[in-house]
There are 2 protein chains.
Amino acid sequence: MKTKAIRFALAQIDTCVGDLEGNAGKVMEYSRRAAVDDADVVVFPEMTLTGYPIEDLAFRATFRRAAWNTADRLARELDEEGLGRLYVVVGTVGTEHGSSLPQNRLVVLHKGVVWAGYDKHFLPNYGVFDEFRIFSPGTRSMVLEVRGRRIGVAICEDIWQDGGPVADLAERGIDVLLTINGSPYEEGKGSTRVDLGSRRAAEVDAPLIYLNQVGGQDDLVFDGGSFVIDRDGTLLERSPRFVEDLSYWTLPEPGSASRVSTLAAELDADKEVYTACVLGLKDYMAKNGFSGVVLGLSGGIDSALVAAMAADACGGDHVWGVSMPSMYSSDGSKDDAADLARNLGAHYDVQPIEPLFDAYQGQLGLEGVAAENLQARIRGVIVMAYSNSKGLLALATGNKSELACGYSTIYGDAVGGYAPIKDLLKTRVWQLARWRNEAAKQGVGIGGIVVVGNESGSRGVPCDEVIPVNSIIKPPSAELRPGQKDSDSLPEYDLLDKVLAAYIEHAHGRADLLADGFDEETVDTVMRLVDRAEWKRRQYPLGPKVTSLAFGRDRRLPITSRFRE
Amino acid sequence: MKTKAIRFALAQIDTCVGDLEGNAGKVMEYSRRAAVDDADVVVFPEMTLTGYPIEDLAFRATFRRAAWNTADRLARELDEEGLGRLYVVVGTVGTEHGSSLPQNRLVVLHKGVVWAGYDKHFLPNYGVFDEFRIFSPGTRSMVLEVRGRRIGVAICEDIWQDGGPVADLAERGIDVLLTINGSPYEEGKGSTRVDLGSRRAAEVDAPLIYLNQVGGQDDLVFDGGSFVIDRDGTLLERSPRFVEDLSYWTLPEPGSASRVSTLAAELDADKEVYTACVLGLKDYMAKNGFSGVVLGLSGGIDSALVAAMAADACGGDHVWGVSMPSMYSSDGSKDDAADLARNLGAHYDVQPIEPLFDAYQGQLGLEGVAAENLQARIRGVIVMAYSNSKGLLALATGNKSELACGYSTIYGDAVGGYAPIKDLLKTRVWQLARWRNEAAKQGVGIGGIVVVGNESGSRGVPCDEVIPVNSIIKPPSAELRPGQKDSDSLPEYDLLDKVLAAYIEHAHGRADLLADGFDEETVDTVMRLVDRAEWKRRQYPLGPKVTSLAFGRDRRLPITSRFRE
């Protein structure tokens, strides 16, 4: 008589939207490995075959048909390889007829067949999520029976809302709750997920398996960190963050106690955020076919941190740093840029902009902000020239504080196909730069990546600080006019970042901000800057919508998609 | 004994998102006029007080409170002015407590009080609409009783879906169905709305009043064209398109037949589309505080049509046309640009780019596409220099065919805060240019705007063709290398536009396109170009989402909003 224990393989993989064949290949590969390790059930993330999020690809019938064919073929190929005994749990897009919108679906591949699926019940439509727009909700819960054990299933948002399938499963009674997820990274979300998982495990009175995807997809980063938690809140398994992984956990025989499997180490806050940025960039490059990047190196902290992240994502020899000094650039800035490039092993070119600036000014005679913007835009043209002529991804180096306040030039320093630190406040940028220097000294690896710059540095001598200390400690300046400092136009960053966090992240209104203890002048300054900057950002570029389908808001297609009809 | 006939005033107004005070002022002004004309009920468009669409402003509690205070104050002020007897029907945002999302609400201002409202039932979440994301749906239908007559109400999408409040009202029995709308313009949508209205009037067995907003808001244009239709499909009233209007229609005494009120003339297709583009630009400028525009004038048809639209939107003397010839620009192109500017009474500057190009090339030595893009980007820098130094709105002149195929340079000719013809295919651009020349000859007015250029033209002599014929008939060329023609890189526009319409607007897949009769080579070329261009467009600019609220997809705020906390 067979054991009633069930061995689960947690396949925390990095999928690519639209890459049906590549994603299916990965399912096959992980299933093979899981079979060798005697797994019964192999679990993959939400929308495994299609990648996630698929946005308006959901509306393409050819895509939905292709996804169905992929699931069907994969089930047969698994069987043909002798893996038909496995229960392979994958996510995909539904293809049901007669329904106006498809479904976000979980299916089970077993014995050569795609078994009836479960459709996600709660379709998130807030923040980065648009699912109610593209999917129709499921209405029934599902229990998968494996050797007499009852496995309840749910998809991501289903466990974040009360009621629905989880409440239903609690009533029906299950031996384990299996959830597949595409849960994007937010700082501190790891522990939120575990707390939530604990609550749901108690609700269904059974262990909960939380399987998350990993990797960058467009402007999202998925951090993995899959786990298994018992009904009493004991963590039974924890997969590592930010890397693909295959871990195991066994649902014990009825009446036996669960055993704790491997628990991956937790990350400190700086490492977590830095790794998220590097992984986002690395995957964006890989999924969009870029092998190198170009960015302007000003000697300032923002471009220095972005260069370090880029070197960690693709290796210093795939990074082109271009110093573009003007008449207002200090010698210190130029030296810092050169030192950084050497420390990272990056390519380094100097393209002075003064002759170009003079040529424009001979015709245009600009003054004030227009003349400042001109310098930034000349640099933007040069960065794009490198991008176009060498096939490099242009990186914009703006941080969240300056972008929020509009302290940047559209078509100037804002030029780029990817902006690695656009979600980091300036104080965080400094903090991560210091952390990165420490990591280099200690030879820290981040999510499978060994940080660059820990061997030798500037001018061949051992390098104490990969990012020059001067870039970290000097007062920030755009260097667009003599003696300019950020603090001429903005509150000091320590204060500014606190107001920005309250106004933008916590949506505090004016009265709330005053109640938070910020002074009236600062509040009014920051609100005015942010509102104006948001307006400017939103207005480029626009046009009236005349015909029935335009490009703007109509088609929300993923950026990275390998789907070809 | 009072008559039981009810006189409706149809106030088809142009609101501005966030401008609570301005919108309320307009309601007051139109209500005064309607009172003078003996109206009983004054009807305004969907979300009158807040403007529409409000996007994520819905989430700001301060905004919802301010909207409520505005409705309350307006009701009192109407009463204080002796207009309390009017039933003033306006749209606004709901403020209900305990609900996680606010409502899209209709309220009635009467005798100094805001009367209980109706909440929109069907919340569209497709195409340009995001309402399910920001509103919670209403669940009850509402009948307003005025002198014993039963007025059923509905908001926009409520009549586009079967079931819901209309079905409910049909069962309850009403004397008239009143719908307030924010229905964005699409080509040919006017007759679709009338057909739908006719169907719903039959369903409720009563006349239907369709009141639509008018004006440009962000990238949408609302075309007005309000109407009243009888249960048998007879059109009883039709307001003009693309202008604010106050028309009247009387619901007759019970048993009496409805009489046909004014029917505004219909527009031909070219005039309709041209007017939509001009109104969109005109309102975008007005609502965002721009009094003038700048654009590059190449002598080609796209910039010529945009310049004509701009002159019609704000007057030729508020248009700055900049000719930026290179070594590859033909003399004919330069002459055409100069002639056009003179015909429109626009400012005209010449800024040769060759010296600037040479200065860059001395440093960069670019070849091929990179060198072509450099020319376009130098022009982009110059256009933005005019924009910054003179406070002008930069107009991008790209058409839909070239944008769809990626036949433009990011940060180059794509530079601009507004793109008036981004939704017009190239063949439509030619057609509208010819139409515009005819209109100038005939002194045609478009939506309250008299077209510019019909008095005198080039060099002070009478002008037969405002847009030089040469700009219309010559083979299109980007003039970025010697002898270059668009047809070197793209299929001929007659064919290309047909494939684009099928692929983009009708979402035909590859197999469908072949079945449409297009040849395989063309289909594959166009699909490859479009997919690549969409990818490029989407990728600028991006970054990973690290903290809980970033700028990208999290905050969907309107571009034009006058709301200040």
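**From values to terms**

Modeller: Chain A is divided into domain 1 (6–254), domain 2 (272–490) and domain 3 (491–565), and the model is a predicted one.

Colleague: How do you know that Glu46(A), Lys120(A) and Cys156(A) belong to an "active site"?

Modeller: That label comes from the UniProt annotation in an unreviewed entry, which covers Glu46(A), Lys120(A) and Cys156(A), and such annotations may be inferred rather than shown by experiment.

Colleague: Why is Glu46(A) called buried?

Modeller: The term requires a relative accessible area under 20%, and Glu46(A) has a relative accessibility of 1%, so the residue counts as buried. Glu46(A) sits in the loop between β2 (41–43) and α2 (61–80) of chain A. Leaving aside neighbours within four places in sequence, its contacts include Tyr52(A), Asn104(A), Glu131(A) and Gln213(A), as well as the annotated Lys120(A) and Cys156(A).

Colleague: What makes Cys156(A) buried or exposed?

Modeller: Its relative accessible area is 5%, and therefore Cys156(A) is buried by the cut-off of 20%. Cys156(A) is found in the loop between β7 (149–155) and α4 (164–172) of chain A, and, with neighbours within four places in sequence left aside, it is in contact with Glu46(A), Lys120(A), Ile180(A), Asn181(A), Gly182(A) and Ser183(A).

Colleague: What makes the pairing of Asp56(A) with Arg133(A) a salt bridge?

Modeller: The closest N and O atoms of Asp56(A) and Arg133(A) are 3.5 Å apart, and the limit is 4 Å between a side-chain nitrogen of Lys or Arg and a carboxyl oxygen of Asp or Glu, so the pair qualifies. The pair links distant parts of the chain, with Asp56(A) in the loop between β2 and α2 of chain A and Arg133(A) in helix α3 (residues 131–134) of chain A, 77 residues apart. Asp56(A) is buried at 6% relative accessible area, and Arg133(A) is buried at 4%.

Colleague: Why do you say that the salt bridge of Lys474(A) with Asp336(A) ties together separate parts of the sequence?

Modeller: The closest N and O atoms of Lys474(A) and Asp336(A) are 3.7 Å apart. Lys474(A) lies in the loop between α13 (469–473) and α14 (493–505) of chain A and Asp336(A) in helix α8 (residues 331–344) of chain A, so the parts being tied together are 138 residues apart in sequence. Both Lys474(A) and Asp336(A) are buried.

Colleague: How do you know what area is buried between domain 2 and domain 3 of chain A?

Modeller: The figure is the accessible area that the two parts lose on being put together, summed over both, and here it is about 1,700 Å², of which carbon and sulfur atoms give 62%. In domain 2 of chain A, Ala404(A), Cys405(A) and Leu490(A) lose the most area to domain 3 of chain A, together 31% of what that side buries. By contact, 21 residues of domain 2 of chain A touch 17 residues of domain 3 of chain A.

Colleague: How many salt bridges are counted between domain 2 and domain 3 of chain A?

Modeller: The count is zero salt bridges, while four residue pairs are in polar contact there, both residues of each being at pLDDT 80 or more.

Notes
Residues are numbered from 1 along each chain as its sequence is written. Chains are lettered from A and ligands numbered from 1 in the order in which they are written. This is a predicted model: local features need pLDDT of at least 70, side-chain atom pairs count only at pLDDT 80 or more; totals for chains, interfaces and linings use all residues. Side-chain values use heavy atoms; hydrogens and water are left out. Helices (H or I, at least four residues) and strands (E, at least two) are DSSP runs, numbered from the N terminus. Buried means under 20% relative accessible area, exposed over 50%, partly exposed in between (1.4 Å probe, protein chains only). Contact means heavy atoms within 4.5 Å. Domain bounds come from an automatic or database domain assignment. Buried area is the accessible area (1.4 Å probe) that two parts lose on being put together, summed over both. A polar contact is a pair of N or O atoms within 3.5 Å; within protein, one must be able to donate a hydrogen and the other to accept it, and residues adjacent in sequence count only if both atoms are side-chain atoms.
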